[in-house]
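Biologist: I would like to learn how to read the features of a protein model, one at a time. Could you take me through them slowly?

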Amino acid sequence: VQATASAGIKEQEGTRTTSSISPSLTRDTRDNFLDPHTGSQNGVYLTYAGIGGSNKFFKSIAESIWYFPVSEMTTFSVRGNYGYAVGLYGEKLPLYERFYVGGMYSLRGLGFGEAGPKDENGVVTGGTKKVIFNAEYTFPLIPAARLKGVMFYDLGTSYDDNSDIRFRKTAGCGIRWISPIGPLRLEWGRNLDRRPGETEGRWEFTFGTFF
C-alpha cells in the first residue's frame, strides 16, 4: 500500500478471510437464454459473511430485467438493479465488497467506479449502495449471421450514507454477435455529464452474457 493512500485503504492492508453463505431466489421466463425476445428475469441474491473468517458483512442485490418485442426481430429491454451492503459486528465492509458502478455491466461510457464515491486522493472507493437502470433497443444487422445492433441509455450511481446521491448518465450504441462460442459485445458509451479528468466516452468489449 502506498504511503499516500487514504486511511480507508491503509486500514485494510494485510490478509483477511471470508467465510460466507449466499442464498438466492430467481425466476426466469425468457424465451431464449442467449438472445431473449420476450419474458423477464428477476432475482434476489444475498451474502452473509460471519460464519468464521475475519470479514463480517451482509450484502444483498435485487435485479429485474424485462424484454418486450417491438417487432418480430427487434426488442426493447429494461433493467433495474439495486444493491445494499453493510459491515457487521463492528467490522467495516471490505473495499472489494463495495459497489463500483461504471463499465460494461453497469454504466457504459464510464470507467470502473467513476459513478460513485472517491477518497481525498481522487481514488474510487465504491459505495455501500447502488442503483442502476438500463434501457436497450436491439435490432438485426445480418439476421443469418445472428449479428445485431443495439442502442442504449444507462443511469445509475453508487453511494454511502454520508455521500450525496448523484446519478450519472450515459448513452451509446454497439454491435452484438451470437457467435458459435457465445455472445460477443462491442459497444461505445458516451459520458453525458462529463466531469474533470473523465473521458468523453469509452469503447467496451466483452465475451459473455449481455447483462
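Modeller: What follows is a short tour, from the overall layout to the pocket, the surface and the salt bridges.

Modeller: This is a predicted model, in which local features need pLDDT of at least 70 and side-chain atom pairs count only at pLDDT 80 or more, while totals for chains, interfaces and linings use all residues. Residues are numbered from 1 along each chain as its sequence is written, and side-chain values use heavy atoms, with hydrogens and water left out.

Biologist: How many helices and strands are there in the protein?

Modeller: Helices (H or I, at least four residues) and strands (E, at least two) are DSSP runs, numbered from the N terminus. Here there are 1 helix and 10 strands, and from the N terminus on the order is α-β-β-β-β-β-β-β-β-β-β. The C-alpha trace spans about 55 × 40 × 30 Å along its principal axes.

Biologist: What percentage of the residues in the protein is buried?

Modeller: A residue is called buried under 20% relative accessible area, exposed over 50%, and partly exposed in between, using a 1.4 Å probe and protein chains only. By that rule, buried residues make up 42% of the 211 residues.

Biologist: Which residues lie nearest the centre of the largest pocket?

Modeller: The general idea is a 1 Å grid over the protein atoms alone: a cavity is a set of points where a 1.4 Å probe fits but cannot get out, whereas a pocket is an open set with protein on both sides within 12 Å along at least five of seven lines, and lining residues have an atom within 4 Å of a point. Grid points are joined across faces, edges and corners, and a volume is the space filled by probe spheres set on the points. In this model the largest pocket has a volume of about 480 Å³, and of its 23 lining residues K92, L93, R98, T128 and D160 lie nearest the centre.

Biologist: Which residues form the nonpolar patch on the surface?

Modeller: Patches are made of residues with over 30% relative accessible area and no salt bridge, where like charges are joined within 9 Å and nonpolar side chains (Val, Leu, Ile, Met, Phe, Trp, Tyr) within 5 Å. Accessible areas come from the Shrake-Rupley method with a 1.4 Å probe, and for residues only the protein chains shown count as cover. The patch here consists of L141, I142, I175, L186, W203 and F205, with about 620 Å² of accessible area together. Strands β6 (129-142) and β10 (201-207) each supply at least two of its residues, while I175 is found in strand β8 (residues 168-179) and counts as partly exposed at 38% relative accessibility.

Biologist: Where do R108 and D154 lie, and are they buried or exposed?

Modeller: R108 forms a salt bridge with D154, the closest N and O atoms being 2.7 Å apart. R108 lies in the loop between β5 and β6 and D154 in strand β7, so the pair ties together parts that are 46 residues apart in sequence. R108 counts as buried at 1% relative accessibility, and D154 counts as buried at 0%.

Key: A salt bridge is a side-chain nitrogen of Lys or Arg within 4 Å of a carboxyl oxygen of Asp or Glu.
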